[in-house]
Amino acid sequence: MTTTTHIPPDARLMSKTPLTIAFLVSGSGNTFYCENCLRDCAAVKALRARGHDVILVPLYLPLFADEEALAGETPVFFGGITVYLQQKFALFRKAPRWFDRLLNTRWILKWAARKAGSTRAYGMGQMTMSMLEGTAGAQAKEVARLADWLADLAPDVIHFSNALLLGAAPALKRRVPDAGIVCSLQDEDTWLDALDPPYDQTCLAKVGELARQCDAVVSVSPAYARQMGQRLALAETTLRVVEPGLDVDRYPAGEPSQSPRRIGFLSRISEKLGAGILVEAFIQLAGEPGFEDLEVVFGGGMTGDDTGFVRRLKKRLRKMKLEGRVQFAPGLTFEERLGLIKQLTVMCVPMSQGEAFGVFALESLLCGVPVVQPDAGGFRDLLRATGGGLLYDAESAAEPAASLRRVLNDPRLCRQLGQTGRRKAADLYSSNREAEKLEKVYRETRTR
């Protein structure tokens, strides 16, 4: 029915009874650094190495950069253009399948992703609720298409990569009654809280209702499990913590750069994720004696909504006569990200609200580069576990520059943080360790 990129099982890791797993992942269209895509794809590869048959199913948009080949010829379901048209115009809810397939071709979806603000939540409340309503929503035809496809596949487990996708879960459970339903929790709050009222509350309630019907829910960090477990009223018997992992062998250990000293930013270059905070911290440090060599590298791409903000950042830097010391690196492939990290002294993505985990920080630590992050969300869990950086008070405007100054001015501390972070991150956050934990969760759903 479909072909996927073949990853030979590792005989040392293989389980005795392989599972067939449908892993449903929201694509980013390759327009920005998508942490959810990276951690989900790393899990898929590790599960395949353990001998499981994992079918990666992209939703909305094609997958991120170098991981797109993992989906093989699996079609994109709930194509972003189709979903939007069905929401706005009833006529498209009855359009023939050939028309939907045309709109769901990868090149058209990638083009749309570049043009649209695909991560903007405000104004999307009605559509979000419609998607969560599943067969009762405007996208009922898309739910039926996915259910038909998965019924033919007959997987043992259906894993939703985040809770905002759960609208299809009841229909899939009816069509594939023997499949365990698993859902990951990873940064849904940022979307739900940004929805226009009253959808911010009604959608949160609907997500909780759907999550409570799952056989298992897995959070990417203890902090996020506590936060969302309470907000979604999830029972402790349903909620697990399975931290993301990466293929450690792909990340060669290195030394933080000391000449010149560089601060790195690896995430979507947006105001919400702290790019402006980092620019102001850099301007402050660059004006101090001893920081004449200091540079900043921004990587991670952007959506259409971010272009105006980035123009304002560049204008601010020109005004301060610092534009020559700041680089905006467009590359998103693994090799390009690795090249960016290798030239850094420290990584800093100062999103004040924190996030569920922080894959960019894990990539940095695995390369031996320390990180400086606000003491919020999953950053606290990651840095306390690895000792690979500094946490600062997210409420203090002066703290980002102060913490960066401390690392930049102390090569010994910088090197120590990088080495400790590399060693512990490689031990605690490998993709095989994640896959082993996920496999245990999957098997528990099969015994209920």
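Strand E1 (residues 20-26) and strand E2 run parallel and are joined by seven bridges. Within this pair, Ile-21 has Val-54 of E2 as its bridge partner. Strands count as paired if DSSP finds at least two bridges between them. Helices (H or I, at least four residues) and strands (E, at least two) are DSSP runs, numbered from the N terminus.

The model is predicted: local features need pLDDT of at least 70, side-chain atom pairs count only at pLDDT 80 or more, and totals for chains, interfaces and linings use all residues. Residues are numbered from 1 along each chain as its sequence is written, and side-chain values use heavy atoms, with hydrogens and water left out.

**The sheet**

E1 and E2 belong to an open sheet of six strands. The order is E2-E1-E3-E4-E5-E6, with parallel pairing. Strand E2 (53-59) and strand E6 (239-241) stand at the edges. Each has a single partner strand, so one side of each lacks a neighbour in the sheet. On average, neighbouring strands are turned by 25° against each other, direction ignored. Axes are lines fitted to C-alpha atoms, for helices over the stretch in contact; angles run from 0 to 180 degrees between N-to-C directions.

Helix H6 (residues 140-153) lies across E1, E2 and strand E3 (157-160). Its direction is at about 175° to E2.

**Salt bridges**

Side chains of opposite charge can pair when their charged atoms come close. Here a salt bridge is a side-chain nitrogen of Lys or Arg within 4 Å of a carboxyl oxygen of Asp or Glu. By this rule the count is 19.

| Pair | N to O distance |
|---|---|
| Glu-439 and Arg-50 | 2.8 Å |
| Asp-215 and Lys-173 | 3.8 Å |
| Arg-231 and Asp-193 | 2.7 Å |

Buried means under 20% relative accessible area, exposed over 50%, partly exposed in between (1.4 Å probe, protein chains only). A network of salt bridges links Arg-50, Glu-439 and Arg-443.

Asp-215 sits in the loop between helix H9 (199-211) and strand E5 (216-219), while Lys-173 sits in helix H7 (residues 169-175). This pair connects parts 42 residues apart in sequence. Asp-215 is buried, at 16% relative accessible area. Lys-173 is partly exposed, at 30%.

Arg-231 of helix H10 (residues 222-231) and Asp-193 of helix H8 (residues 188-194) tie together parts 38 residues apart in sequence. Arg-231 is partly exposed at 33%. Asp-193 is partly exposed at 46%.

**Helices H14 and H15**

Helix H14 (residues 359-366) and helix H15 (residues 378-386) pack at about 20°, with axes 10 Å apart. They are therefore roughly parallel; that term covers angles under 35 degrees. Their crossing is right-handed, meaning that the near helix is turned clockwise from the far one by less than a right angle.

Phe-360, Ala-361, Leu-362 and Leu-365 of H14 meet Phe-379, Leu-382, Leu-383 and Thr-386 of H15. Contact here means heavy atoms within 4.5 Å.

The buried residues of H15 are Gly-378, Phe-379, Asp-381, Leu-382, Leu-383 and Thr-386. They pack against H10, H14, strand E11 (371-374), strand E12 (389-392) and helix H17 (411-428). Just after H15, Gly-387 has a positive phi of about 65°.

Terms used: Parallel < 35°, antiparallel > 145°, perpendicular 65-115°, else oblique.
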